[in-house]
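Thanks, everyone. I have one structure to go through today, so let me put it up on the screen.

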Amino acid sequence: MRHALEVFLDDWTGRLGLGHCDGGSSGQGTMEVCCFVVDFDLAKAALEPILADSEFRTYRRIYRDI
């Protein structure tokens with residue numbers, strides 16, 4: 001499922017001109033996907049409704065990791 005989410009987010013961040021997905025990690029019941037974006041707040045606002053209306057609707061925690 002993580003790889004499908006990576007592809008999904010890479011597609012949408014690219015389509016919207018926000019950046020790209022650069023992989024992720026998973027283990028012990030969790031998974032994370034890393035996206036490099038030009039503007040975090042803009043990307044979060046754009047991606048939240050897209051995720052909410054997708055097969056990934058339960059995977060919506062978007063946060064900045066500096």
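The chain has 66 residues, and 24% of them count as buried. Please keep in mind that this is a predicted model.

Next, the layout. There are two helices and two strands in the chain, and along the sequence they come in the order α-β-β-α. The radius of gyration is 11 Å, close to the 11 Å from the globule rule for 66 residues, so the chain is as compact as a globular protein of that length. The C-alpha trace spans about 30 × 25 × 15 Å along its principal axes.

On contacts, take those between residues at least 6 apart in sequence: 41% of them join residues at least 24 apart.

Now the surface. The chain exposes about 4700 Å², and 50% of that comes from carbon and sulfur atoms. As for charge, I count 7 positive and 11 negative side chains. The centres of these two sets lie 5 Å apart.

Last, the cysteines. How many disulfides does a search of the whole structure find? The search finds zero. Cysteine 21 is buried, at 12% relative accessible area, whereas cysteine 35 counts as partly exposed, at 26%.

That is what I have.

Definitions and conventions: Residues are numbered from 1 along each chain as its sequence is written. This is a predicted model: local features need pLDDT of at least 70, side-chain atom pairs count only at pLDDT 80 or more; totals for chains, interfaces and linings use all residues. Side-chain values use heavy atoms; hydrogens and water are left out. A disulfide is a pair of cysteine sulfur atoms within 2.5 Å. Buried means under 20% relative accessible area, exposed over 50%, partly exposed in between (1.4 Å probe, protein chains only). Helices (H or I, at least four residues) and strands (E, at least two) are DSSP runs, numbered from the N terminus. The radius of gyration is taken over C-alpha atoms; the globule rule is 2.2 Å times the number of residues to the power 0.38. Contact means heavy atoms within 4.5 Å. Accessible areas come from the Shrake-Rupley method with a 1.4 Å probe; for residues, only the protein chains shown count as cover. Lys and Arg count as positive and Asp and Glu as negative; His and the chain ends are not counted. The place of a charge is taken as NZ of Lys, CZ of Arg, CG of Asp or CD of Glu.
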